[in-house]
Amino acid sequence: MVDFAQHPSRNAILEHPDALDCTLYRPDERDPDADETDLGDARILFRGAFEPPADWDALERDEFYGDADPASFFTAYIEPEAAPGTKQAFVTQVGDFVATIPGVQVVMYFVVDYSDDAGSRIYVLQRDDQSLD
């Protein structure tokens with residue numbers, strides 16, 4: 001996991017040796033049974049496990065996690081490979097899916113939240129532990 005002294009720039013994320021290739025998908029809001037739209041390729045740089053804000057009480061934590069295992073939540077930077085302003089560019093949104101292949105198996109994540117801080121967007125992701133078989 002990565003710890004930056006300052007928030008990384010777009011290029012720092014794209015070129016970081018620990019960044020993984022990924023592909024982002026967006027579900028169809030009007031038709032939940034439709035195939036997701038392939039947004040394009042990106043690089044993802046995991047920061048570590050998601051830590052709820054210190055001011056959250058037990059009820060807020062329970063509402064956020066629901067029935068999910070808190071260990072399945074992570075924070076990460078995501079930068080599309082397409083240059084900003086180009087036709088292929090996109091902005092990752094809550095509800096998008098992220099597919100990574102850290103080894104030989106695809107690992108899926110669901111974007112559940114994000115925060116903007118000092119010019120960098122930090123995403124909260126939930127790992128999908130269901131098998132793709």
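User: Before going into this predicted model, how is the word "exposed" to be read for a residue?

Analyst: Exposed means over 50% relative accessible area, buried means under 20%, and partly exposed lies in between. Aspartate 116, with a relative accessible area of 53%, is therefore exposed.

User: Which residue forms a salt bridge with aspartate 116?

Analyst: The general idea is that side chains of opposite charge can pair when their charged atoms come close. Here the partner is arginine 121, and the closest N and O atoms are 2.9 Å apart. Arginine 121 counts as partly exposed, at 25% relative accessibility.

User: How many salt bridges does a search of the whole structure find?

Analyst: The search finds five. One of them joins the side chains of arginine 10 and glutamate 79, at 3.6 Å from N to O. Arginine 10 lies in helix 1 (residues 10-15) and glutamate 79 in strand 3 (residues 73-80), so this pair ties together parts that are 69 residues apart in sequence. Arginine 10 has a relative accessible area of 22%, which makes it partly exposed.

User: Where do aspartate 21 and arginine 43 lie?

Analyst: These two side chains meet in a salt bridge, 2.8 Å from N to O. Aspartate 21 belongs to strand 1 (residues 20-26) and arginine 43 to strand 2 (residues 37-49), so the pair ties together parts that are 22 residues apart in sequence.

User: Is arginine 43 buried or exposed?

Analyst: Arginine 43 is buried, as its relative accessible area is 15% and the cut-off for buried is under 20%.

Note on methods:
Residues numbered from 1 in each chain as written. Predicted model: local features only at pLDDT ≥ 70, side-chain atom pairs only at ≥ 80, totals over all residues. Heavy atoms only, no water. Salt bridge = Lys/Arg side-chain N within 4 Å of Asp/Glu carboxyl O. Helix = DSSP H or I, 4+ residues; strand = E, 2+ residues; numbered from the N terminus. Buried < 20%, exposed > 50% of the residue type's maximum accessible area, 1.4 Å probe, protein only.
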